[in-house]
Amino acid sequence: MNQVKEFHVALFTSVSYALRAEKILKKAGIPCRLIPVPRHISSDCGVCLRFSPDYRKQIVDTLAGKVDVSDIRPL
Amino acid sequence: MVRIIDAKGLACPVPVILTKKALEQQDDVTVIVDDDVAVGNIKRLGAKLGRAINIEMKEGGVFHIHLSRITEAGKEPVAEKDTNALDYESCGPGPLIVVISSDRMGRGDDELGYVLIRSFIHTLLTLNPLPDTIIFYNTGVKLAVRDSEVLDDLKQLEEAGTSILVCGTCTNYFGISDTLDVGCISNMYDITSIMAGAGRLITP
């Protein structure tokens, strides 16, 4: 089922950034999930946030100035 | 020859285990059960093993579930092929059992442990083949209740045929039995015997 839905992932340079971002987004009521970084995408830390592309702008805006997102990629 | 298993009055997961054993020896099996949960679980087992499933509802809440091998070439359902699938070589016969004994993975830092256990459960979905059974006990049961962040993953695993057993003593201890949202409540007899019968047993 994971495969049929389209998702994007936000990558971070450290686990603590990913965790901070998750907390901020959860608080803001934006759905996202912490998942291991897919093997075809590399990143310095092993976890990333997965979300529906619909929330991309909201996520970027919400995290702006709070947590550095190193990259956003389609899954 | 159709093998008939009368599993009336038996609690989950016993009917599933009996069905699985019978299907290992026989192509066509009919299971008689009187428990809705068992119907769902046997249906999933049938789907996982690529059997055609036909369910007849009889009087008194009794169900006859017919499972038969699909013979037409190309009809056999194949697990969804995914480029991210984590293929592995099974190193021996017997089921792959995953035991989740805590809602953290590893010891030391709780916040990190919680990140790791969520990642681990998510990654289980990419294992090919999937685990046969996942057993939850102690604080691990907190991952199988309503509002758990891994509920989606566990439901997907269950739909794909993994049987999920949750320690009833534990959900009772934490007062969360009513909020169980995936798998079925199990007891120490089943948990011990399934662990004893494991081909491989993973405890993250």
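Student: What should I know about the model and its numbering?

Tutor: This is a predicted model, in which local features need pLDDT of at least 70 and side-chain atom pairs count only at pLDDT 80 or more, while totals for chains, interfaces and linings use all residues. Residues are numbered from 1 along each chain as its sequence is written, and chains are lettered from A and ligands numbered from 1 in the order in which they are written.

Student: How many helices and strands are there in chain B, and what makes a stretch count as one?

Tutor: Helices (H or I, at least four residues) and strands (E, at least two) are DSSP runs, numbered from the N terminus. Chain B has six helices and 11 strands.

Student: Why is Asp178(B) called exposed?

Tutor: A residue is buried if 20 or more other C-beta atoms lie within 10 Å of its own, exposed if 12 or fewer, and partly exposed in between, with C-beta atoms placed from the backbone. Asp178(B) has 8 C-beta neighbours inside 10 Å, so this residue counts as exposed. Asp178(B) lies in the loop between H5 and S10 of chain B, and its C-alpha is 9.2 Å from that of Arg146(B), 32 residues apart in sequence.

Student: Why is Leu151(B) called partly exposed?

Tutor: Leu151(B) has 16 other C-beta atoms within 10 Å, and therefore counts as partly exposed. This residue belongs to helix H4 of chain B. Two residues are in contact if their C-beta atoms, placed from the backbone, lie within 7 Å, and, not counting residues up to four places away in sequence, Leu151(B) touches Asp181(B) and Val182(B).

Student: Which residues of H4(B) are buried, and why can they be said to line one face of the helix?

Tutor: The buried residues in H4(B) are Asp153(B), Leu154(B) and Leu157(B). Seen down the axis of H4(B), they fall within an arc of 95° (the arc of the directions from the helix axis to the C-beta atoms), so they line one face of the helix. Their cover includes helix H3 (110–124), S8 and S9 of chain B.

Student: How do you know that strand S9 of chain B is mostly covered?

Tutor: In S9(B), which spans residues 163–167, five of its five residues are buried. Both faces are covered, with Ser163(B), Leu165(B) and Cys167(B) on one side and Ile164(B) and Val166(B) on the other.

Student: What makes S8(B) and S9(B) a pair?

Tutor: Two strands pair if DSSP finds at least two bridges between them, and four bridges join S8(B) to S9(B), which run parallel. One bridge has Phe136(B) with Val166(B) as its partner in S9(B). The chain passes from S8(B) through H4(B) to S9(B) in a right-handed β-α-β crossover, a name used if, with the strands pointing away from the viewer, the path from the first strand over the helix to the second runs clockwise.

Student: How many bridges join S9(B) and S10(B)?

Tutor: These strands pair in the parallel sense over three bridges, and Val166(B) has Ile185(B) as its bridge partner in S10(B). Together with helix H5 (residues 168–174), S9(B) and S10(B) make a right-handed β-α-β unit.

Student: What makes S10 and S11 of chain B edge strands?

Tutor: Five strands form an open sheet in the order S10-S9-S8-S6-S11, with parallel pairing. S10 and S11 are its edge strands, as each pairs on one side only.

Student: How do you know that the span of H1(B) is close to the expected one?

Tutor: The expected span is 1.5 Å times one less than the number of residues in the helix. H1(B) has 12 residues and reaches 17 Å from its first C-alpha to its last, close to the 16 Å expected. Its buried residues are Pro15(B), Val16(B), Ile17(B), Thr19(B) and Leu23(B).
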